[in-house]
Structure formats: structure tokens, C-alpha cells
Amino acid sequence: MSAVPIPYKSIIEISGLIRRGEMTSAGITEAMLSRIAKLDGKFHSYALVLGERAMAQAKRCDEEIAKGIWRG
């Protein structure tokens, strides 16, 4: 994995990480939620962050990927 932090990667790069098994959807979601928590107090960029919902959906995606189901 390159030294470029997840928030600065393109969706193509992130997709490749998931396809190669280098990252999971849940891991990427966790990284993004962590960044939001760290910076949003300063920037107030989000009206609402649904972290629990995002993590639940990411885990469902990882379960689908484990079964060979790729959403694209």
C-alpha cells in the first residue's frame, strides 16, 4: 500500500485496495469517520454524520465481497 493516506486516494485506488484484499470497506469507512471526527469540529463540513449506519453498510459490503458479490 502506498504512503498516500486514504482520504487523498481516488475511488479507483480505493477500489483496487479492496479488490486486492489490502483494505476492507469497513476499514476505509473507519478511516474516513476518524478523519471527520478529527477535523469537523474545526471546519463544520457536515450537517449530519451517520457513522453507525455507514459502518453497518460497510460491514454488509465486506460480507458480500467475501461471498464473491461485487457491486462495482
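**Entry 1. Contacts and overall build**

I began with the contacts of the protein chain, and among those with a separation of 6 or more, residues 24 or more positions apart account for 48%. I note here that the model I am reading is a predicted one. For the secondary structure I found 3 helices and 0 strands, and the pattern along the sequence reads α-α-α. I then looked up the extent of the chain, whose C-alpha atoms fill a box of roughly 40 × 30 × 15 Å along the principal axes. Of its 72 residues, 26% count as buried.

**Entry 2. Helix H1 and the cores**

I asked which residues of H1 are buried. They are Ile 14, Gly 16, Leu 17 and Ile 18, and I found that the buried residues of this helix pack against H2 and H3. As background I wrote down that an α-helix has 3.6 residues a turn, so residues three or four places apart point the same way.

Next I listed the largest nonpolar core, which has 6 residues, namely Ile 6, Ile 14, Leu 17, Ile 18, Met 23 and Ile 28. Helix H1, running over residues 11–19, gives the most to this core, with 3 residues.

**Entry 3. Salt bridges**

How many salt bridges does the structure hold? I counted 2, and I looked up the accessibility of each partner.

- In one of them Glu 22 pairs with Arg 20, and the closest N and O atoms are 2.7 Å apart. Arg 20 is exposed, with a relative accessible area of 54%, whereas Glu 22 counts as partly exposed at 36% relative accessibility.
- Arg 71 forms a salt bridge with Glu 64, with 2.9 Å between the closest N and O atoms. Arg 71 is exposed, having a relative accessible area of 57%, and Glu 64 is partly exposed at 22%.

**Entry 4. The largest pocket**

I looked up the largest pocket and found that about 430 Å³ of space lies in it. Of the 18 residues that line this pocket, the closest to its centre are Ile 18, Ser 25, Cys 61, Ile 65 and Gly 72. The elements that give two or more residues to the lining are H1, H2 and H3.

Which element gives the most to the lining of the largest pocket? I found that H3 does, with 6 residues. Sorted by class, the lining has 10 nonpolar, 5 polar and 3 charged residues. Ile 18, listed among the residues closest to the pocket centre, is also one of the buried residues of H1.

**Entry 5. Two spot checks on distance**

I took Gln 57 as one check, a residue of helix H3 that counts as partly exposed at 40% relative accessibility. Gln 57 and Thr 29 are 28 residues apart in sequence, and their C-alpha atoms are 9.4 Å apart in space.

For the other check I took Ala 47, which is found in the loop between H2 and H3 and counts as exposed at 89% relative accessibility. Ala 47 and Ile 36 are 11 residues apart in sequence and 12 Å apart in space, C-alpha to C-alpha.

Note on methods:
Residues are numbered from 1 along each chain as its sequence is written. This is a predicted model: local features need pLDDT of at least 70, side-chain atom pairs count only at pLDDT 80 or more; totals for chains, interfaces and linings use all residues. Side-chain values use heavy atoms; hydrogens and water are left out. A nonpolar core is a set of buried Ala, Val, Leu, Ile, Met, Phe, Trp, Tyr and Cys residues joined through side-chain atoms within 4.5 Å. Buried means under 20% relative accessible area, exposed over 50%, partly exposed in between (1.4 Å probe, protein chains only). Helices (H or I, at least four residues) and strands (E, at least two) are DSSP runs, numbered from the N terminus. On a 1 Å grid over the protein atoms alone, a cavity is a set of points where a 1.4 Å probe fits but cannot get out, and a pocket is an open set with protein on both sides within 12 Å along at least five of seven lines; lining residues have an atom within 4 Å of a point. Grid points are joined across faces, edges and corners, and a volume is the space filled by probe spheres set on the points. Ala, Val, Leu, Ile, Met, Phe, Trp, Tyr, Cys and Pro count as nonpolar, Asp, Glu, Lys and Arg as charged, and the others, Gly among them, as polar. A salt bridge is a side-chain nitrogen of Lys or Arg within 4 Å of a carboxyl oxygen of Asp or Glu. Contact means heavy atoms within 4.5 Å.
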